[in-house]
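My entries follow the structure.

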Amino acid sequence: MTAMAVPNTALRAVRIGMRMSQDDFARALQAAGHRVGEPNDANKRLVQRWESGAIAAPRPVYARALEVVTGLPISLLGFAAVPDGHVADDQHGGHDLTSPMSNLATPTPTSRPAVARKSYEGIWLSRYQYYSSGREESFAGQHFVVILQHGDRLTVRSLPGSATSSLSLDLTVDEAVITGTWVEQTDSTGYYRGARYHGAIQLLAEPTGRRMAGKWVGFGKDMDVNTGPWELVFRDASTSKATLDRYNTTAT
């Protein structure tokens with residue numbers, strides 16, 4: 001007797017929390033694959049099969065794209081673990097098997113020689129300062145964030161219980177220089193009433209790999225350009241569910 005598929009409610013909840021349709025989610029996965037140099041053929045049908053439980057675990061190329069898009073470790077997205085040496089179910093179906101991309105090996109980037117990179121993956125404390133023109137006072141924003149690393153790309157997402165606003169950063173590492181963009185969605189009941197702010201950021205990583213510090217730049221409500229200090233301080237290398245639960249509290 002064939003075992004009944006168990007719906008992946010965790011993945012569905014994450015997708016809905018991101019306010020994405022299954023089509024939107026698939027397109028985001030494709031875009032993430034191109035950004036990290038691992039193109040994929042994600043589409044709505046594949047997302048449906050993941051969420052229905054028809055596919056219990058994604059192939060590595062999809063697992064990495066899922067981590068980039070959601071900012072969460074694959075272990076928290078409701079998939080079954082695939083034993084070493086086995087092939088994930090989506091190797092055998094669930095997406096457009098007629099696509100030529102499905103049968104091509106991912107090309108190895110040749111623009112730069114392979115170099116050893118520090119790992120920044122884990123839990124970090126994010127702190128930044130900003131000036132509120134409406135209140136004529138400076139404030140500090142703090143979040144515990146989880147960093148996932150894929151090559152020279154860092155995906156940074158705040159833990160929801162660590163602050164009333166949500167924060168995301170997409171960064172690129174070039175030796176000690178870390179550059180990218182940030183987005184903050186403010187609390188709908190707070191002073192900024194759910195406003196969404198975004199901008200650019202550049203950080204320098206200390207040789208220890210346990211602190212990054214630099215500056216952010218962004219636009220204020222009157223379209224004036226603002227800037228201020230930003231730092232990330234390492235807390236824990238683990239991204240397990242137990243570790244994330246432990247840090248999913250007000251950042252201090």
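In H2 I found Gln22, Phe25, Ala26, Ala28, Leu29, Ala32 and Gly33 buried, where buried means under 20% relative accessible area with a 1.4 Å probe and protein chains only. Seen down the axis of H2, these buried residues fall within an arc of 160 degrees, so they line one face of the helix; the arc is taken from the directions from the helix axis to the C-beta atoms.

I noted that this is a predicted model, in which local features need pLDDT of at least 70, side-chain atom pairs count only at pLDDT 80 or more, and totals for chains, interfaces and linings use all residues. Residues are numbered from 1 along each chain as its sequence is written, and side-chain values use heavy atoms, with hydrogens and water left out.

I then looked up the partners, and the buried residues of H2 pack against helix H1 (9–17), helix H3 (44–52) and helix H4 (60–70), with helices being DSSP runs of H or I of at least four residues and strands runs of E of at least two, numbered from the N terminus. Contact here means heavy atoms within 4.5 Å.

For H2 and H3 I read a packing angle of about 105 degrees, with the axes 8 Å apart. That makes H2 roughly perpendicular to H3, a label that covers 65 to 115 degrees.

Turning to strand E6 (residues 196–205), I located Leu203 there, and at 1% relative accessibility Leu203 counts as buried. Leu203 touches, among others, Ala176, Ile178, Met212 and Trp230, not counting residues up to four places away in sequence.

Notes
Buried < 20%, exposed > 50% of the residue type's maximum accessible area, 1.4 Å probe, protein only. Axes fitted to C-alpha atoms, helices over the stretch in contact; angles between N-to-C directions. Parallel < 35°, antiparallel > 145°, perpendicular 65-115°, else oblique.
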